[in-house]
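Welcome, and please keep the sequence and the model side by side while you read. We will walk through a few places one at a time.

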Amino acid sequence: MTASPDTAAYSRIPAALPFWLSIALVPIVWTAAIFGGWTLALTPVAAWYLFSILDLITEQNTDNADPQTDDAQLFWHRAITIIWAPIQLLTIFGLLIFVSQTDHLAAWEEWALFAGVGIISGTIGINYAHELMHQKPKLERGLADVLLATVLYSHFRSEHLLVHHRYVATPKDPVTARYGEGFWRFFPRVLWECYASAFNAEKAMLARKSLPWTHRSNPFWRYWAMQAIFLCAAIWIGGLWGFFLFGTQAVWAVFQLELVNYIEHYGLTRRHLGDGKYEHVMPHHSWNSAQRATNWLFINLQRHSDHHYKPDRRFPLLQTYDDVEAPQLPYGYQVMTMAALSPRLWRKIMNPRVQNWRAQYYPDITDWTPYKNATNPMPR
């Protein structure tokens, strides 16, 4: 007997539950707001270290769901990404109202509180926005815009969909970290280049329709309007200090995003075929990880090769690859992003792996110098 869609959806609740652990970060940050002091450390500890510890306890997850699974059976998986937008809005602006009406926190404590909020809105919010922007329903894409506007990074949608997925693992992609490029050099570079590449990509699309960039269909007008609304709301609630706190969480959120971007394709490059063309994106052009708990937190983003193969595939259906098909990180994203903060440690861990990757997939290429910088041509 075939289960009805509702019954099938209900049966998926146990499978979806681990991905709902992100909800636990909300009462943690509110606890920090109420008590201050040492409790302010609870949010970064929970977001950065707890899931890394769980990775050590749990086994790696190499199971693959049926990619043909119907959306009706993924109701509870989809639900967490959909409800997160109102949760994030209520958390950010609720805390702004709370700190503006209380005086038990010192200024540095309020800053630390909103830095913690940024860790959540970056680790969870932007990641969920990434999932939502790839889906077809307008509601989900709209919620992605809301989440990105709350961290003042709305252009990420255009950059990711129009630039990153097209040019990943080539010098034309700003967020593909170059071999040997440390994070502290990558971060300021990518902030500017991503904004410029996103704007130019939308401008080019309009030009192909014989429309100027100022045309109302340019999504940047929507991006700017939504960001302005949230900034004005922050000022209305807390004045210039509210503006500063809102900006604090946005900066920390973007920092979290770009740390993940840095590790996802570090040093990996597609072969240039000539005339500005590159080979198709393959599983070996993304770093992957099978750490179970971090995949709960990042809703399977670590199955990154399959995401680039099928960008609109919902996160519970993303497939994992073994180390023959795709390169594997030695640890989960959480540990690797912390390692990336130390360029010397990062190079010690990752440069030998990139060298092995080159020998495995491109043994015929002996001179990798032209692949290093975006300004240099790719070898034929």
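Let us begin with W184, which counts as partly exposed because its relative accessibility is 46%. Here, buried means under 20% relative accessible area, exposed means over 50%, and partly exposed is in between, with a 1.4 Å probe and protein chains only. This is a predicted model, in which local features need pLDDT of at least 70 and side-chain atom pairs count only at pLDDT 80 or more, while totals for chains, interfaces and linings use all residues. Residues are numbered from 1 along each chain as its sequence is written, and side-chain values use heavy atoms, with hydrogens and water left out.

You can find W184 in helix α9, residues 183-208. Helices (H or I, at least four residues) and strands (E, at least two) are DSSP runs, numbered from the N terminus. Setting aside residues up to four places away in sequence, W184 touches F255, L341 and P343; contact means heavy atoms within 4.5 Å. With L341 there is also a pairing of polar atoms: the backbone oxygen of L341 lies 2.9 Å from a polar atom of the W184 side chain.

Next, turn to a pair of helices. Two packed helices are described by the angle between their axes and the distance between the axes. The axes of helix α3 (residues 25-35) and helix α6 (residues 107-133) come within 10 Å and cross at roughly 170°. That makes α3 roughly antiparallel to α6. Axes are lines fitted to C-alpha atoms, for helices over the stretch in contact, and angles run from 0 to 180 degrees between N-to-C directions. Angles under 35 degrees count as roughly parallel, over 145 as roughly antiparallel, 65 to 115 as roughly perpendicular and the rest as oblique.

Which residues of α3 and α6 meet? From α3 come L25, V29, A32 and A33, and from α6 come L113, V117, I120 and I124. Sorted by class, this contact has 8 nonpolar, no polar and no charged residues. In that sorting, Ala, Val, Leu, Ile, Met, Phe, Trp, Tyr, Cys and Pro are nonpolar, Asp, Glu, Lys and Arg are charged, and the others, Gly among them, are polar.

Leaving out residues up to four places away in sequence, L113 touches V29, A32, A33, L40, L95, V99 and L105. In soluble globular proteins, nonpolar side chains tend to be buried together.

Staying in this part of the tour, A112 lies in helix α6 and counts as buried at 17% relative accessibility. A112 and G36 are 76 residues apart in sequence, and 9.3 Å apart in space from C-alpha to C-alpha. F98 belongs to helix α5, residues 75-101, and at 22% relative accessibility it counts as partly exposed. Apart from neighbours within four places in sequence, F98 is in contact with W30, A33, I34 and H104.

Now for some loops. Is S154 buried or exposed? S154 is buried, with a relative accessible area of 2%, and it lies in the loop between α7 (138-149) and α8 (156-167). Beyond residues up to four places away in sequence, S154 touches D145, L148, A149, Y223 and Q227.

Most residues other than glycine have a negative phi. A169, in the loop between α8 and α9, has a positive phi near 60° and is buried, with a relative accessible area of 0%. I299, in the loop between α11 (292-297) and α12 (304-309), has a positive phi of about 40° although it is not a glycine, and at 3% relative accessibility it counts as buried.

Technical notes
A polar contact is a pair of N or O atoms within 3.5 Å; within protein, one must be able to donate a hydrogen and the other to accept it, and residues adjacent in sequence count only if both atoms are side-chain atoms.
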